[in-house]
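Please read these notes with the structure open beside you. They take up a few points in turn.

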Amino acid sequence: QVQLVESGGGLVQAGGSLTLSCAVTGNVFSVDVMGWYRQAAGKQRELVTSINNGGSTNYADPVKGRFTISRDNAKNTVLLQMNSLKPEDTAVYYCNAELRVKGALWSKNYWGQGMQVTVSS
């Protein structure tokens, strides 16, 4: 059974920093793309950033230059370093991974449980 275990959310003042962490656990054969999504109150879930197993990254325009994604392929973990946080970054942040479990023929998408990040002004 595969799980995405998230940690690091919380409350921070505008201009501050937070680091989110996500670890993939379970019977995993390979992890392809890992990423972070967020969903603010009353809005649709949106992609924040992603990174593939080769290290190529993709960032949404609102977070470029402020957020940095990284991963440890050996540990199947992904980090999101968030700097210069703004109140509009307030949302529930979800870890996402496209991965293949052992014995499976293809990859599937998995989600973490979500963490609240609140940025006060």
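The points below cover the origin of the model, a sheet and a group of salt bridges.

1. This is a predicted model, in which local features need pLDDT of at least 70 and side-chain atom pairs count only at pLDDT 80 or more, while totals for chains, interfaces and linings use all residues. Residues are numbered from 1 along each chain as its sequence is written, and side-chain values use heavy atoms, with hydrogens and water left out.

2. β1 pairs with β3 (residues 18-25) over five bridges, and Ser-7 has Ser-21 in β3 as its bridge partner.

3. A salt bridge here is a side-chain nitrogen of Lys or Arg within 4 Å of a carboxyl oxygen of Asp or Glu, and the whole structure holds four of them. Arg-38, Glu-46, Arg-66 and Asp-89 are linked in a network of such bridges: the closest N and O atoms of Glu-46 and Arg-38 are 2.9 Å apart, Asp-89 meets Arg-38 at 3.0 Å, and Arg-66 meets Asp-89 at 2.7 Å.

4. Which of these residues are buried (under 20% relative accessible area), partly exposed (in between) or exposed (over 50%), using a 1.4 Å probe and protein chains only? Asp-89 is buried at 1%, as are Arg-38 at 7% and Arg-66 at 10%, whereas Glu-46 is partly exposed at 38%.

Conventions. Pairing = 2+ DSSP bridges. Helix = DSSP H or I, 4+ residues; strand = E, 2+ residues; numbered from the N terminus.
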